[in-house]
Amino acid sequence: MAQRISFLVKGRVQGVSFRYYTKKHARAYNITGWVKNTPDGNVQGEAQGEQDAIQKLVKDLGIGPSAAKVDKLEKQEIDVVEGESGFSVRS
């Protein structure tokens, strides 16, 4: 069953390819959604896919790429978006 989450990653997560890391892992797990930098230095996004795939992505988000330092990961379940395809990096 598909589920969708919104997430906010805090720490040293900008300037370390965090968005592209997220996109790579999301695509590997067949997850749709998006990710972007926030003006306050965090990374936020939404991800949708099978529950086990979402759990894998959340684990990856808590680690991040090697140059990142994740201090906090906030997530919450939100409504599924019908007809979405792909995972994008937003500006």
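So, what does the secondary structure of this chain come to? Two helices and five strands. Keep in mind that we're looking at a predicted model. If you walk along from the N terminus, the order is β-α-β-β-α-β-β. The radius of gyration is 12 Å, close to the 12 Å that the globule rule gives for 91 residues, so the chain is as compact as a globular protein of that length.

Okay, contacts and burial. Take contacts between residues at least 6 apart in sequence: 79% of those join residues at least 24 apart. And 41% of the 91 residues count as buried.

Now the charges. The chain has 14 positive and 11 negative ones, and their mean positions sit 9 Å apart. Searching the whole structure turns up five salt bridges, and I'll show you a few.

Start with Arg4 and Glu46, whose side chains meet at 2.8 Å, N to O. Arg4 is in strand S1 and Glu46 in strand S3, so this pair ties together parts that are 42 residues apart in sequence. Buried or exposed, these two? Both are buried.

Next up, Lys10 and Glu74 form a salt bridge at 3.3 Å.

Asp71 is exposed, with a relative accessible area of 53%, whereas Lys69 comes out partly exposed at 47%.

Technical notes. Residues are numbered from 1 along each chain as its sequence is written. This is a predicted model: local features need pLDDT of at least 70, side-chain atom pairs count only at pLDDT 80 or more; totals for chains, interfaces and linings use all residues. Side-chain values use heavy atoms; hydrogens and water are left out. Helices (H or I, at least four residues) and strands (E, at least two) are DSSP runs, numbered from the N terminus. The radius of gyration is taken over C-alpha atoms; the globule rule is 2.2 Å times the number of residues to the power 0.38. Buried means under 20% relative accessible area, exposed over 50%, partly exposed in between (1.4 Å probe, protein chains only). Contact means heavy atoms within 4.5 Å. Lys and Arg count as positive and Asp and Glu as negative; His and the chain ends are not counted. The place of a charge is taken as NZ of Lys, CZ of Arg, CG of Asp or CD of Glu. A salt bridge is a side-chain nitrogen of Lys or Arg within 4 Å of a carboxyl oxygen of Asp or Glu.
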